[in-house]
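Please read the following briefing alongside the sequence and the coordinates. The points are grouped by topic, from overall dimensions to individual elements.

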Amino acid sequence: MSAPDPRVRWAELVDLVQAARTAYYQRDAPTLSDAEYDVLYAELVALEAAHPELAGQDSPTQSVGGARSEMFEPVEHLERMYSLDNAFSDEELAAWAERVAGAVGAFPPVLCELKIDGLAVDLVYRHGRLASIATRGDGRVGEDVTYNARFIPAIPERLVAPKGGALPALVEVRGEVFFPVADFERINAEQLALGRSPFANPRNTAAGTLRQRIDRREEELARADASAAAARARGAGALERAEGRVARLAAEVARARGNLGRLRLTVHGVGAREGLAIATQSQAYGVLAGLGLPTSDRAEVVASLDEVRAFVGHYAEHRHDVEHEIDGVVVKVDDFATQAALGATSRAPRWAIAFKYPPEVVRTRLRDIRVNVGRTGRVTPYAVMEPAKVAGSTVEMATLHNAQEVARKGVLIGDLVFLRKAGDVIPEVIGPVVEERTGAERAFVMPTHCPDCGTALAPAKEGDVDIRCPNTRSCPAQLRERVFHVASRGAFDIEGLGWKAGIALLESGVVADEGDVFGLDAATLRTIPFFTRAPRASAGESGPQLTANAEALLVQLDKARAQPLWRVLVALSIRHVGPTAAQALARAFASMGAIEAASVEQLAATEGVGPIIAEAVVEWFGVDWHREVVRKWRDAGVRMADEVVEIGPQPLAGLTVVITGSLPGFTRDTAAEAVTSRGGKVASSVSTRTDFVVVGENAGSKADKAISLARPVLDADGFTVLLEQGPEAAAAVARVGGG
């Protein structure tokens, strides 16, 4: 067979890339993930490199991403806006650095900044007043969205005059409009409340929000208002319909304006300018910030490739500590004269590159939707997908929460779907790629009976969204999950009792329920092949011998018997009782017997508990076999009461503490326990009501929030002072604000 004609594949790639660009830039509704687009684009670049005769002005490699929409007036940029070339590996980053160094004689100082996943815009200020704001478009001509800027507080309409100086006659700046993650989540919550599908990502949500014709909606509202006034003369029926339309349009306009108000802007470049003397990128950021334009405080000038790697590596680890989505790091030669010497291709500058992190959103095929039965009987649908690499790991399954969530997302079995995995977060199916449906897809039907024990499923209480298997004692799935939960980090923290070990114990019959776990001994484990090895004749052994893991399990069980009361409570799998509620109950009642004897009212009066948890606790202890589990553990030596020491007022009573990062000598749980055992409260977020923020190694955005709110910040040594000497001594060594 003859070799395939490269022109055929080139034409296919051009069509695919152009279609993806249209969906992404003009419709704000991507049909490919970023990773898929990058693969196709890279193949097109490689094909044109091997066959230069194919590359022409009609190729996507010769142009910037998006054309402007006909819905907006065109705006020609004063200076061209470029796209950026990408590096996906250290080798590609090093190759770019080598090319730059070779062209200018040595590797120059470069500015590293975060690559915000937002919408690129071009802003023009004349004599300090905003003249226009436009999307990037094709790099030469964008869309005029100036009208919408009046609703975006983050975009200044007037610049701030420098002290002792005048405003520049002209400055063209480039920036990124984006939604902070928190606002994106709020908008999606509002979408769900309105019965609409959620948005796929903050970037396209920001683009769709900015690229709205609010002026036309306002005109339509004005016409509807006038029609309603005229309808008053035509009777109640006509008036009701007209006023209903006015109310609907008014709500849409208010929602659109509100969403525009949530947009943020970060300036990251400068184009045409008059009366603005700047020589470097970093100097430009300082000047622009002085004019009142929002610049990033995370940009950093470095002098070597190793320092670039360190910056890239830091934000790879702290990617989710930033308030907005990022998909990489942009590296720019800092000096403008050196930038000019390096020049640009038809689509991208040679003096800059974007290092892209592994994608967190990919497309994959949804093969099936199955259900999992949890330790409290909750039946949860989950997606089974074609394996896909996302956020650096291969994913085959993702949660779907409940049947209503499946219906809300509109996914069908067989769909091509967008899948998201952010760091350590559980993988999530965002929604289907509707355009790729063939008609062979089918809807998911929630089972009516437990797939493990056959019991009819039902909500635990009337009105519950979740359905449960009521066979709590003997359902094999629930029993497996409960035994595994007993050993989890938040409960007894038994390292040797993993998933396979738990199944081996259950299948052997030596463990009938979680109550039998602490009755295990060496003789019992020797009867189970999973925990034994063949005897060594050379060592004089006879009969099955315990493996090292089995011996370690027995040691871990002994250690677990001494765990504090709150961990025992967590291990019981009482619905709604996690570590926070368990610690509150242990502090208030000090013994399992006191908790079991308490009424709903007594339990609910405990700070951090409340009526829902209180009812769940009383309901749990009302079941005979639940109390039998407690009896078995008690008889096996598990600690059922905490030592009560009369120390008078607790030193941290009334204080709220936030802990972020890792602290030497503490796990996350033990650090929190150290605070709560002294009467303090551990919160998950920083607010003006936070008394201390404890900042350890690799702290995230909570440390920045503490500084911005001027809350007292303690390091590891300061935390020790707080625990041992109290809040007054800690306040004396705390750092407040930027100090």
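Predicted model: local features only at pLDDT ≥ 70, side-chain atom pairs only at ≥ 80, totals over all residues.

The protein contains 26 helices and 23 strands, and its C-alpha trace spans about 85 × 85 × 80 Å along the principal axes. Of its 739 residues, 46% are buried.

**Overall contacts**

- When contacts between residues at least 6 apart in sequence are considered, 67% of them join residues that are at least 24 apart.

**Helix H9 and what covers it**

- Helix H9 runs over residues 281–290, and its buried residues are Gln281, Ala284, Tyr285 and Leu288.
- Viewed down the axis of H9, these buried residues fall within an arc of 100°, so they line one face of the helix.
- H9 is followed by Gly292, a residue whose phi is positive, near 95°.

**Asp183 in helix H5**

- Asp183 belongs to helix H5, which covers residues 181–193.
- The relative accessibility of Asp183 is 7%, and because the cut-off for a buried residue is under 20%, Asp183 counts as buried.
- Once its neighbours within four places in sequence are set aside, Asp183 is in contact with Arg262 and Arg264.

**The largest cavity**

- The structure holds one cavity of 30 Å³ or more, and the space in the largest cavity amounts to about 30 Å³.
- The lining of the largest cavity is made up of Arg480, Val483, Phe484, Trp499, Gly502, Ile503 and Leu506.
- Helix H13 (476–486) and helix H14 (499–508) each supply at least two residues of this lining, and the largest share, four residues, comes from H14.
- By residue class, the lining of the largest cavity divides into five nonpolar residues, one polar residue and one charged residue.

**The five-strand sheet**

- Five strands form an open sheet with mixed pairing, in the order S20-S19-S21-S22-S23.
- The edge strands of this sheet are S20 (681–683) and S23 (735–736), each of which pairs on one side only.
- Strand S19, residues 656–660, pairs with S21 in the parallel sense over four bridges, and within this part of the sheet Thr660 stands opposite Val695 in S21.
- Strand S21 (residues 692–695) also runs parallel to strand S22 (residues 712–714), to which two bridges join it, and the bridge partner of Val694 in S22 is Leu714.
- Which residues of S21 point one way, and which the other? Phe692 and Val694 point one way from the strand, whereas Val693 and Val695 point the other way, and all are buried.

Conventions:
Residues numbered from 1 in each chain as written. Heavy atoms only, no water. Buried < 20%, exposed > 50% of the residue type's maximum accessible area, 1.4 Å probe, protein only. Arc of directions from axis to C-beta. 1 Å grid on protein atoms, 1.4 Å probe; cavity = no way out; pocket = protein on both sides within 12 Å on 5 of 7 lines; lining within 4 Å. Points joined across faces, edges and corners; volume = space filled by probe spheres on them. Nonpolar A, V, L, I, M, F, W, Y, C, P; charged D, E, K, R; others polar. Pairing = 2+ DSSP bridges. Contact = heavy atoms within 4.5 Å.
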